[in-house]
Amino acid sequence: MNDELIIRNGIVVDPANDIDREVMDIAIRGGKIVRKASPSAKIIDASGMLVMPGGVDIHSHIAGSKTNAARVMRPEDHVRDFERKTALTRSGVGHSIPSTFTTGYRYARMGYTTVIEPATPPMKTRHTHEELNDIPIIDKACFPLFGNNWHVMEYLEKGDVDGCAAYIAWMLRSTKGYAIKIVNPGGVEAWHWGGNIRGLDWEVPNFGITPREIIRGLCKVNKILKLPHTIHVHPNNLGKPGNYLNTIKTMDCVKDLAEEGRAAIHITHCQFTSFKGEDWSTLRSGAEEIANYVNKVKHVTIDMGQIIFTATTTMTADGPFEYILHQLQGRKWHNTDVEAETGAGIVPVVYKRKNFVNTTQWAIGLELALLVKDPWRIYMTTDHPNAGPFTAYPRVISWLMSKKARENTMKRLNQGAVKKSNLPSLDREYSFAEMATVTRAATARALGLKDKGHLGIGADADVSIYGVNPKEVDPSNDYRAVRKAMRRAAYTIKEGEIVVRDGEIVKVIEGKTFWADARVPDDMEMKLQSELSEKFQDYYTIQAENYVIAEDYLARSAPIIPGGTR
Amino acid sequence: MELKAIVVTGRSLAQGRAKEKKFTEEYRQAVAICEVDPDDLASLGIQAGQNVRLANSKGSIVLKAVKSSQAPHRGIVFVAYGPWINVLTDSDSDGTGMPTLKGIEAEVEPAPGEEVQDLRGLLRKNLMGR
Amino acid sequence: MKILSDELVIKNVVCPFCGCCCDDLEITVSKNSIVSAKNACALSQAKFGSQKEERISTPRERIDGKPLETNYEKAIRHSARILAEARYPLLWGWSCTSCEAQKIGVELAEEVGGVIDNTTSTCHGPGLLAVHDIGESSCTLGEVRHRADLIIYWGCNPVHAHPRHMRRYSVQSEGRFRKGRKERKMIVVDVRNTATAKMADEFIQIEPNSDYEALTAIRMCLKGEELEQEKIAGLPSTRFEQLMDELINCDYGVIFFGLGLTMSRGKSRNIDAALSLVRDLNSKTKFLIMPMRGHFNVAGANEVFAWQTGYPFAIDFSQGYPQYNPGDTSGVDIAARGDCDAALVIASDPISNFPLDAAKNLSSIPIMTIDPHETVTTSVSEVVMPSTMVGIEDEGTVYRMDGVPLMLKKLIEPPEGVLPDTEILSAILKEVRALNRGR
């Protein structure tokens, strides 16, 4: 069987390998990029087309308990956006909370080949994996939540970082998770009593620990375990005017723990935590301050969380935030607190062009992207679906690459907010290389996925080909052409298989699920097991044996050995 | 000696234990019964263990009346889920998908000399019109 | 796992009966039989005990009106033919089988352009309809165990339907912050003095069909409105003022509700009122609500259907994509209207459980049933295919009433030659595809 492919004459943008719009061939064999292919290889004529590594989305809520609770709560979200069954594809529904098959197809159609589910409650992560198994084509991973976990808080309160590391390692292996996710540390435990945490040095009720200590402790654990991705943090005070200060403090609180050349903390959907001002009427962008900090240091990465003007759904483990949003806007509200661990809240939202706050938020996301100088440390996301559906990525790309596109949008927004924003004065426009960086090269590197996000020899043959010529098209003026092309890939290749052709699915394959096979020395492991067997039944209403997810539960398990090569 | 009652259907321990073997006598004993408030039994003029007929616009069925251990609930009769009481329930779901299975109005009267039908007989009569 | 002579003790077994999905059962097996079930409640014991009773031993087909023994191959082909040719088939049941089987069911319903519906329709469906409007403030059961000082059972009777619920998860359980029964208050609201009501600190007996008024009365008091009527739901209206005070003065309150709310007059509006009350209470104190799901994997059916199609039950694929409109696309309504012309029934007994007119219509069309045991439905089916008992003879994923996923274990081998649901369904799907391609 000939599994060889040559992508001929494409205009390649591969920032990780310093390739910027070079005409070259890409050869594929056995699902990998190779130096040369044999004459019998299938040829794709990519003349005049943009060739990039497949997209890598570092933060998108696509699978698991809260995603599904949102689907159930919001039948109105699905009613008008559906896909019929075809000979190749399953039917489904879309918009802000697509069903699983539709999720995979829509990402693939845009040329994305790896997507991370960034927040899964460990006790229910079996559910997350069931959904990930049902998302076709793309590779995936999930981040278990640890920032409000009883075991974690107790270990760290005692100062037992090693014990905590052994626990986290066990948890990652047991839940088949990839990285340490922290959401409103301590705040969700406080929410289980109806409260919240509003500062890094507030004490979590009944646990005697602060968010600062939780974040620092988990940062240290991350280093001990040499996990492929840094701690992924949704800070306290998300959505609160004035929260930018806390965000900077959060970034700063692990500065001394940073290792050379590596990020020590990732702040996710940073737009939501870059608010300046005292209240909604005095809301301003804190993007400049945030960007200044990020530019000054080396240990922080962020992703945008870019607002899209549409009706969408907010869903996050930040339970108290969602309750506040519900009270603010009056829309229906779903909440699930998960025992001893975390929680979730869901509230529908509409981002309106004429709304002062929403316009300010929209500007913040773009300001962050334009003011942070190093495209390897800022990633393009919409925190799908919180700030907008992932299907809007091409639109965000056009805003990044074209001031004109931004101006055109700004014309229709709340002018009071536009006037108060920096954005009109920002001239920077992303190049193709920078766009490729923030949508695939940088995210893959940040995740420690060495074979993703680039097209060097040995990389996974995940390639996207778009019908736009990056040597001829001026994205600044002709942003519409770029946007159109990015919506429907001319070709999406996954593991060397052509899965999309002219924006249509032509083959359905099963993607892999990555997880961190984290381990600690035997003595630490034994100590952990004896501690767990004492505490587990006190904390949970299920047995430890039933908490653990077997590897064969994943449709295609792809463990990563931390600290080693893949 | 008639009782205008509200019928509430539901689960019971006995019904739950026998539900995987519906053609057995155990199931019939668990399900083809109605739990009646002792004061209602008295006003009907019957003893616990005697048969009653429940009837409404949907149909009628003979069940064995037993003394309720969950009294007082005058005017309310409890029958476990199953094919007997479904003769009286209403498939109209009020547009919700849920048929009306609780709070059903029915007349209850003593049924001396009438037998509680066994399940096979009930099915033959109701489903096949025999 | 201990081995004692020819006995094997299997620990941490998840029980396949009710929505509690207790996972601490210890099952002793010997010579391929269940000998004992430690920690199992009466319902659970009955299920394990029924493993050998009323089993269907071989597939059956009705030929010229007579049930004849056949084999799986013929039964599957017969079923596939009926489904492929049907104009509007109904695929009903699903709540007492695994998620793995439910997934195949969705695929099959999509392939035949039929309706797939699970027993949520006749159970907690109205609750989901209310969730579409209001949302839901909820939690996992461990949160109740750790924190709840006020627990209300409204319109449900856990002593009979969820026997270990109180000890494992609520009033009688021990949590980090509540050490047991003494630190909790239990209120029961029901129309009769049930076994559960007898255990309550407070039993509030309301009139049948008056839950909506009762819940609304509490909400009104919460919002400072005056109750103009003297009597509400058969009680003096001052009772609701008192109740409201109790609710807002707890630290952590939980309402567990059952079919008393979903089935009586008002249906989804009753749960709407309950969900709204709990939402409103959160402005005063921490309050949550949870439906007492009856079957061990009805929640799983909702989850699987929802992630694959967007909707939790009553999904119509006749237009080639998922459509959802309970009341229209739900099993009982379709049967009552006589719209379906074939039915696949799995792990359920609709001929017994549906109101008679719906059951009658169903029994007049060809029914294919997949079930371990003889049921009323199998007795009138065109094709009967025996299946294994998931959680005893086959493993599978299930979801507890609070959405926590668990794995059922395989404890013993099934009866000779009996296949699991997943295999039967896959075979039917394969055959239907072949028939559709041939057309």
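Q: What residues have the most contacts inside the largest nonpolar core?
A: They are A:V51, A:I168, A:L368, A:I465 and C:A274, and the core has 379 residues. A nonpolar core here is a set of buried Ala, Val, Leu, Ile, Met, Phe, Trp, Tyr and Cys residues joined through C-beta atoms within 7 Å. Buried means 20 or more other C-beta atoms within 10 Å of the residue's own; 12 or fewer is exposed, in between is partly exposed, and C-beta atoms are placed from the backbone.

Q: Is this a model or what, and how is it labelled?
A: This is a predicted model: local features need pLDDT of at least 70, side-chain atom pairs count only at pLDDT 80 or more, and totals for chains, interfaces and linings use all residues. Residues are numbered from 1 along each chain as its sequence is written, while chains are lettered from A and ligands numbered from 1 in the order in which they are written.

Q: What domains does chain A have?
A: Domain 1 is 5-53 + 452-505 and domain 2 is 55-447. Those bounds come from an automatic or database domain assignment. Their C-alpha centres lie 29 Å apart. The contact takes 31 residues from domain 1 and 31 residues from domain 2.

Q: Which element gives the largest share on the domain 1 side?
A: That is α17(A), with five residues. Helices (H or I, at least four residues) and strands (E, at least two) are DSSP runs, numbered from the N terminus. This side of domain 1 divides into 16 nonpolar, seven polar and eight charged residues. Ala, Val, Leu, Ile, Met, Phe, Trp, Tyr, Cys and Pro count as nonpolar, Asp, Glu, Lys and Arg as charged, and the others, Gly among them, as polar.

Q: Switching to the chains. Which pair has the most contacts?
A: Chains B and C, among the two pairs of chains that touch. Chain A and chain B do not touch; their nearest C-alpha atoms are 15 Å apart.

Q: How many residues go into the contact of A with C?
A: It takes 44 residues from chain A and 49 residues from chain C. On the chain A side, β18(A) gives the most, with six residues. By class, that side has 14 nonpolar, 16 polar and 14 charged residues.

Q: What does β18(A) pair with?
A: Strand β9 (residues 135-139) of chain C, in the parallel sense over five bridges. Pairing needs at least two DSSP bridges between the strands. A:N335 stands opposite C:S137 in β9(C).

Q: C:H146 next. Why does C:H146 count as buried?
A: Because C:H146 has 22 C-beta neighbours inside 10 Å. C:H146 is found in helix α5 (residues 141-147) of chain C. Leaving aside neighbours within four places in sequence, C:H146 is in contact with A:E339, C:G175, C:R176, C:F177 and C:R178.

Q: And chain B, which strands make the closed barrel?
A: Six strands, running β1-β5-β2-β4-β3-β6 with mixed pairing. Strand β3 (residues 51-56) and strand β6 (residues 102-110) of chain B pair in the antiparallel sense over four bridges. B:V52 stands opposite B:P110 in β6(B).

Notes. Contact = placed C-beta atoms within 7 Å.
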